[in-house]
Amino acid sequence: MQFCLDKHGEWVAVSASDENREDEKGENGGFFGRKNEQHVKKIAKTLADSTTWLDMLNDTKRNAMFQRAIENSTEKIKSVKKRNAANGDVVLHVFDVGSGTGLLSLFAARAATKTGVTVRIYSCEMFLPMFLVGERVVRDNVREKKVPETSSIQMFHTRSEDVDAITKHELDVLISELLDSALLGEGWLMVLKDVFSRELLRRDHYSIVPSSAKIWVQLLHAEESVLDVDVKKGRAALFGEAITSDGFSRLDVQCHFDSLEKRGRIRAISKHIQVFEIDFTNDKDWGRTEVVRCCCSSSSISSSSSSSSSSLRSLGLEINAVAMFWDVDLDGSGAFRLNTFPAQSYRRHWRQVIAPLECPIPLSASEEIPIQLEARIADDCLAFDVKVSGCGDKEKEKKKEMTMKKQKETLIETKQETWREKKRWLHIALANISEFWSSRAPLGDNVCGLNLTKANVLLCAKSVESNSPGYCYQSFKCDLLDELGHRYSTIEEEQTIFLWKSCELFVDDADEKKREEEEKEEEGEEDNKKKLRIDVDAGLEITANHVVFFFSDKSHADEWKTQPVQVARMDQELIGKKFTIIASNLDADEGECIRVLRK
Ligand SMILES: C[S@@+](CC[C@H](N)C(=O)[O-])C[C@H]1O[C@@H](n2cnc3c(N)ncnc32)[C@H](O)[C@@H]1O
């Protein structure tokens, strides 16, 4: 199977090579077959457009912690089983839910060598393209003897609920990485509920990785624009849907805490407060609500906040948002933990989540404010709900104010909706962003000593045409520069990041005819209706590794400060003075393809 550039400079076309003939099954030529090409192209593009997969697989801490926790769990269970086994032979049964590239299954297989037991792994992945890639990755690693022969990995393309090969009380170890920034958003609890209800785990001893989590919150004052983020993205109304009917804030909107705090867009009002602990190995008390009380006074305002507590009070700030962090114990030993507390390092792919309060709590200059926090697992099991309440009438007034504000925002949103139909200006920059370069790097054969290169075809949609002219890029839509604070950096800092910037009129409806005529004149671009070619002269030799761009109905340079940007990682770093940028097949809903060639 190959992914390559198509004639428009779009970068995920698929063709089957001899090496992968076995994929060509079925009357449509298999999932990756030619007849399915458009479909696969779309999926690959969607996957590559999303930031999380490569970040996740390049998160070395995550990988190492899971590897060691799986080894430790296997060792622990082996010891118990060995004690009970009549003839001393031990076979461990492991279930990897949501295997993706097969990484955790391969860890489990390798744990067999370390512990000297036979391991039978059931591995399931519901997303077909990922499952097919996972099969290849496992096959590669078996062929290259990176996993021992004493283990077997049986792979199922299905949801975990539909894996019926596992018999009752057969499982020794359940492994899965369905953790997202909101902890539960990928359905980990649903998977567990099914496993418990089908009684797949052994009666006496079993291990679940990850095994437990603590939920922490922090009370905040957030700028209105921060809380508006979700509204902008199209969610009907943050202040409606993000608050449950009984006044709990639903913690499922991602943010990058560090960057927001650094720029004073959020201010920490409290310290981290632990509000909930969830034991994944026991489903008995997940429905409870925990109540925690605390007081907010000037002394409890976090020292990490950029303003002093007295200036916060004099500004008349209020607690209007809550952030959530989780801390997961992978194997119950406490030795292998992962958390989402804000960190300086970009390399950890999880972020923090934030939610507005139904009713903001005004900060008092003179007295301590008693606060009550109620925390529970959301009724759909996909998030945490936290209710933050203070006391007093002021809160009720605020609530009224908020409802009016929400109505106003909905009106503004509707007006903004029409912008795409007008002129579109492409704001574009060549940039050197070292943080992204490594976390979005294609996977090599050394992800914890395993070979994951086959995953690149889907996750990087990496060009395999060695003689393709120029380079293509994976693009993804995200406020990544915001996260790092780059978009708000000083001029001097900016020059090391944005190496060249421009603004070009991309589609001018009034000038449509002329534009089409011009395009027809260009060789080989007869059916490429939306294309822009930009000549870049950076003035001096630069090393560019990303393209940063966004569309706006205004050409003003200040748009960089307010519009969400897209960042595209180049396949290779480009060094030079002069480049040509081709932006093609632009459709805001599908994602843009930007291609840069060195002249
Ligand atoms: C976050 S990825 C983790 C991949 C891999 N385990 C790793 O750690 O690198 C989660 C994967 O689980 C899959 N998934 C989620 N819920 C599932 C379920 N109930 N059954 C099977 N696959 C599932 C998703 O399609 C996704 O590929």
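Leu-452 is buried, as 26 other C-beta atoms lie within 10 Å; a residue counts as buried if 20 or more other C-beta atoms lie within 10 Å of its own, as exposed if 12 or fewer do, and as partly exposed in between, with C-beta atoms placed from the backbone. The structure is a predicted model, in which local features need pLDDT of at least 70 and side-chain atom pairs count only at pLDDT 80 or more, while totals for chains, interfaces and linings use all residues. Residues are numbered from 1 along each chain as its sequence is written.

Leu-452 lies in the loop between helix H12 (434-439) and helix H13 (456-459). Helices (H or I, at least four residues) and strands (E, at least two) are DSSP runs, numbered from the N terminus. Leaving aside residues up to four places away in sequence, Leu-452 touches Leu-57, Thr-101, Val-137, Leu-443 and Val-447; two residues are in contact if their C-beta atoms, placed from the backbone, lie within 7 Å. A separation of 8.2 Å is found between the C-alpha atoms of Leu-452 and Leu-103, which are 349 residues apart along the chain.

For the chain as a whole, the secondary structure comes to 17 helices and 24 strands. Of its 599 residues, 41% are buried. Among contacts between residues at least 6 apart in sequence, 78% join residues at least 24 apart.

Five strands with parallel pairing form an open sheet in the order E5-E4-E3-E6-E7. Strand E5 (151-156) and strand E7 (207-209) stand at the edges with a single partner strand each, so one side of each has no neighbour in the sheet. Neighbouring strands of this sheet are turned by 15° against each other on average, direction ignored. Pairing requires that DSSP finds at least two bridges between two strands. Strand E4 (residues 118-124) and E5 pair in the parallel sense over six bridges, and the bridge partner of Tyr-122 in E5 is Gln-154. Helix H4 (residues 103-115) packs on the sheet and touches E3, E4, E5 and E6. The direction of H4 makes about 175° with that of E4; axes are lines fitted to C-alpha atoms, for helices over the stretch in contact, and angles run from 0 to 180 degrees between N-to-C directions.

In helix H6 (residues 188-197), the residues Trp-188, Leu-189, Val-191, Leu-192 and Val-195 are buried. Seen down the axis of H6, the buried residues fall within an arc of 155°, so they line one face of the helix. The arc is that of the directions from the helix axis to the C-beta atoms. The cover over the buried residues of H6 includes strand E3 (91-97) and strand E6 (173-176). Glu-199, which follows H6, has a positive phi, near 50°.

A further open sheet consists of four strands in the order E9-E18-E17-E13, with antiparallel pairing. Its edges are strand E9 (249-251) and strand E13 (289-296), each with a single partner strand, so one side of each is left without a neighbour in the sheet. On average, and with direction ignored, neighbouring strands here are turned by 25° against each other. Eight bridges join E13 to strand E17 (residues 369-377); Cys-295 stands opposite Pro-370 in E17.

E17 also pairs with strand E18 (residues 384-389), in the antiparallel sense and over six bridges, and Glu-374 stands opposite Lys-387 in E18. E17 and E18 form a hairpin with six residues between them, and Cys-381 in the turn has a positive phi of about 65°. Five of the six residues of E18 are buried, so this strand is largely enclosed by the rest of the structure. E9 and E18 pair in the antiparallel sense over three bridges, and the bridge partner of Leu-251 in E18 is Phe-384.
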